[in-house]
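This briefing is meant to be read beside the sequence and the 3D structure. Please look at both before going on to the points below.

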Amino acid sequence: MATHFTLSLSSSKPFKNSTFFTKNPSLHFKKPLSITSFQSPPPAAAAAAVQTFWQWLSDQDVVSAKTPARPGLVPQGLGLVAQRDISRNEVVLEIPKKLWINPDVVAASEIGNVCGGVKPWVSVALFLIREKLKEDSTWRPYLDVLPESTNSTIFWSEEELAELQGTQLLSTTLGVKSYLQREFLKVEEEILIPHKQLFPSPVTLDDFSWAFGILRSRSFSRLRGQNLVLIPLADLVNHSPDITIEDGVYEIKGAGLFSRDLIFSLRSPISLKAGEQISESDPFFGDKLDIAETNGLGELADFDIVLGNPLPPTLLPYLRLVALGGTDSFLLESIFRNTIWGHLELPVSRANEELICRVVRDACKSALSGYHTTIEEDEKLKGEELNPRLEIAVGIRAGEKKVLQQIEGIFKQRQSELDELEYYQERRLKDLGLVGEQGEIIFWESK
């Protein structure tokens, strides 16, 4: 007996307290939030900057008094707030390509000729920095609403980082800081020093890190023909743990029947009342989807689970991927892109493994409770004279229940073994020669 299951990277509530199996059993996931959060300017200054930004957009014929949402101060800082009741899937805003910031804009700018050989994100970062340093930048109204500082751990002081001693997050943070410093030194040598006349004032590592933070938290990716783009106003959409962005909520489309211009169109993922904030789901969705597709899967992944057989080999890695969050999210960084699937084939962390065990078990129990008969009752019916269709129905539901019981049993057993599993951190320490095969810490002493 085989049962077909579909796993999804989106389209449902978060992992916790969710029912994932239905009559056609299906699992749905949504990513957790990034650890990066930006600090907002004081309310008075922010209000003035927002008003100037709104007027700038109005002058560009992007917004008007009839636009259903506009920038407003929210708990996360600055977000899009509904000005009236908005229906689900209603178009909230449309931003023409002339207001996008992407590598094409950089290429056409005064620094385009010197940025041709650098990474796309580096070129856009340099563009942002240069425009921010220019007093007369045409992008000034947008730049003034961007946050000045961030609470990401890459900006923490040594004293603050000391509080993370012994955590994976500290190791990851130091790795990212080192990566940024290497990239900056390379850019400084190849562009900033030889072409210093192109920049209004000296560019620092802090400037470079700021731009990196802006792009990491605000850029859109995986849009049609756009792998990296900042879209003013649209990037004020904040991330909510309760709302999932499904396919098609935002898209690139033509500006009109006879126009070659493109626009970014955003529709509300849910119905909103006036004054409510427009939100989107986890910002790492694109990263996870890219990883899944690279390994032959996708936003939807199908698995055939056969009674009496082991689980499909790609099921656990996929589950670990969609459940990845918190301090484990460092594995989603680009430096791990070529090796992450190998890491996911083994337990990542106790929290990650415990989460998938709990959710899968709960989903199986919920699915089993949805049948109007038990396996025992179905087995009794098999001994009776049944019409052909009822006989088929009894056989199918009994088989499905057995598979569900099998899955629940597998993850129950796995949950009981969590303390015995070896996780990424332990494996990494062993690779570095800092932990012995029995888990003992190795101290190296100089002689």
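**Helix packing and overall build**

The crossing of helices α11 and α13 is left-handed (a crossing is left-handed if the near helix is turned anticlockwise from the far one by less than a right angle, and right-handed if clockwise). This is a predicted model, in which local features need pLDDT of at least 70 and side-chain atom pairs count only at pLDDT 80 or more, while totals for chains, interfaces and linings use all residues. Residues are numbered from 1 along each chain as its sequence is written, and side-chain values use heavy atoms, with hydrogens and water left out.

**The α11 and α13 pair**

- Helix α11 (residues 350–369) packs against helix α13 (residues 388–416) at an angle of about 155°, and their axes are 9 Å apart; axes are lines fitted to C-alpha atoms, for helices over the stretch in contact, and angles run from 0 to 180 degrees between N-to-C directions.
- That angle makes α11 roughly antiparallel to α13, a term for angles over 145 degrees, whereas those under 35 count as roughly parallel, 65 to 115 as roughly perpendicular and the rest as oblique.
- The residues of this contact divide into 9 nonpolar, 2 polar and 8 charged, where Ala, Val, Leu, Ile, Met, Phe, Trp, Tyr, Cys and Pro count as nonpolar, Asp, Glu, Lys and Arg as charged, and the others, Gly among them, as polar.

**The α9 and α11 pair**

- Helix α9 (residues 315–323) and α11 have axes that come within 9 Å and cross at roughly 105°, and the two helices are therefore roughly perpendicular to each other.
- In α9, Leu 316, Leu 319, Arg 320 and Ala 323 meet Asn 352, Glu 353, Leu 355, Ile 356 and Val 360 of α11, contact meaning heavy atoms within 4.5 Å.
- The residues of the contact of α9 with α11 divide into 6 nonpolar, 1 polar and 2 charged.

**Thr 172**

- Thr 172 lies in helix α6 (residues 168–192) and is buried, with a relative accessible area of 15%; buried means under 20%, exposed over 50%, and partly exposed in between, with a 1.4 Å probe and protein chains only.
- Although Thr 172 and Asp 328 are 156 residues apart in sequence, they are 9.5 Å apart in space, C-alpha to C-alpha.

**The whole chain**

- The protein chain holds 14 helices and 12 strands, which are DSSP runs (helices H or I, at least four residues; strands E, at least two) numbered from the N terminus.
- Of its 447 residues, 48% count as buried.
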